[in-house]
Amino acid sequence: MLVLVCYDVNTETKAGRRRLRRVARVCESTGQRVQRSVFECQLDMAQYEALERRLLAEIDPSADCLRLYRMPGTRGFEVIEHGTFKATDFDGPLVL
């Protein structure tokens, strides 16, 4: 399934800036950045649950916001891009 991870970490303190870097690192290890605080991840259910646990361990729920959008299957789902960034097509051929 495609998972969209969006976060807003309060960076007014040194601890907040540290949390922001850690959250970004977790997301970078799992998916691809499509905007500053938005990542697309192609995951199965076990990977999704592991990602959610890792992210929840990094944020401060009283100061930060984390949103995970699960989009199971691709039937009827479409992403329209505008601008210069082109995302990796996870369903297309893999060229090494």
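1. Basis of the model. The structure is a predicted model, in which local features require a pLDDT of at least 70 and side-chain atom pairs count only at pLDDT 80 or more, while totals for chains, interfaces and linings use all residues. Residues are numbered from 1 along each chain as its sequence is written, and side-chain values use heavy atoms, with hydrogens and water left out.

2. Secondary structure. Two helices and four strands are found in the chain. Their order from the N terminus is β-α-β-β-α-β. Both kinds of element are DSSP runs numbered from the N terminus, helices being H or I over at least four residues and strands being E over at least two.

3. The four strands form an open sheet in the order 2-3-1-4, with antiparallel pairing. At its edges are strand 2 (32-35) and strand 4 (65-71), each of which pairs on one side only. From one strand to the next, the twist averages 25°. Two strands are taken as paired if DSSP finds at least two bridges between them.

4. Pairing of strand 1. Strand 1 (residues 2-8) runs antiparallel to strand 4 and is joined to it by seven bridges. Within this pair, L2 stands opposite M71, and Y7 has L66 as its bridge partner. Strand 1 also pairs with strand 3 in the antiparallel sense, over five bridges; there, L4 is partnered by E40. Five of the seven residues of strand 1 are buried, so this strand is largely enclosed by the rest of the structure. Burial here means a relative accessible area under 20%, with exposed meaning over 50% and partly exposed in between (1.4 Å probe, protein chains only).

5. Helix 2 (residues 45-58) lies across strand 1, strand 3 and strand 4, and runs at about 175° to strand 4. The axes are lines fitted to C-alpha atoms, for helices over the stretch in contact, and the angles run from 0 to 180 degrees between N-to-C directions. Contact means heavy atoms within 4.5 Å.

6. Nonpolar core. The largest nonpolar core has 16 residues, of which V5, Y7, V23, C27, C41, L51 and L55 touch the most other members. Strand 1, helix 1, strand 3 and helix 2 each supply at least two residues of this core, and the largest share, four residues, comes from helix 1. Such a core is a set of buried Ala, Val, Leu, Ile, Met, Phe, Trp, Tyr and Cys residues joined through side-chain atoms within 4.5 Å. Leaving aside residues up to four places away in sequence, L55 touches V5, V23, V26, C27, L66 and L68.

7. Cysteines. A search of the whole structure finds zero disulfides, a disulfide being a pair of cysteine sulfur atoms within 2.5 Å. For C6, the closest cysteine sulfur is that of C65, at 8.7 Å, which is too far for a bond. For C41, the closest cysteine sulfur is that of C27, at 6.2 Å, also too far for a bond. C6 is buried, with a relative accessible area of 18%, and C41 is buried at 0%.

8. Two individual positions. V38 belongs to strand 3 and is buried at 16% relative accessibility. Not counting residues up to four places away in sequence, V38 touches L4, V5, C6, Q32 and R33. Its C-alpha atom is separated by 8.8 Å from that of C27, 11 residues apart along the chain. L56, by contrast, lies in helix 2 and is partly exposed, at 48% relative accessibility. The C-alpha atoms of L56 and L66, 10 residues apart along the chain, are separated by 8.2 Å.

9. Chain totals. Of the 96 residues in the chain, 27% are buried. Among contacts between residues at least 6 apart in sequence, 67% join residues at least 24 apart. The accessible surface comes to about 6,900 Å², with 51% belonging to carbon and sulfur atoms. Accessible areas come from the Shrake-Rupley method with a 1.4 Å probe, and for residues only the protein chains shown count as cover.
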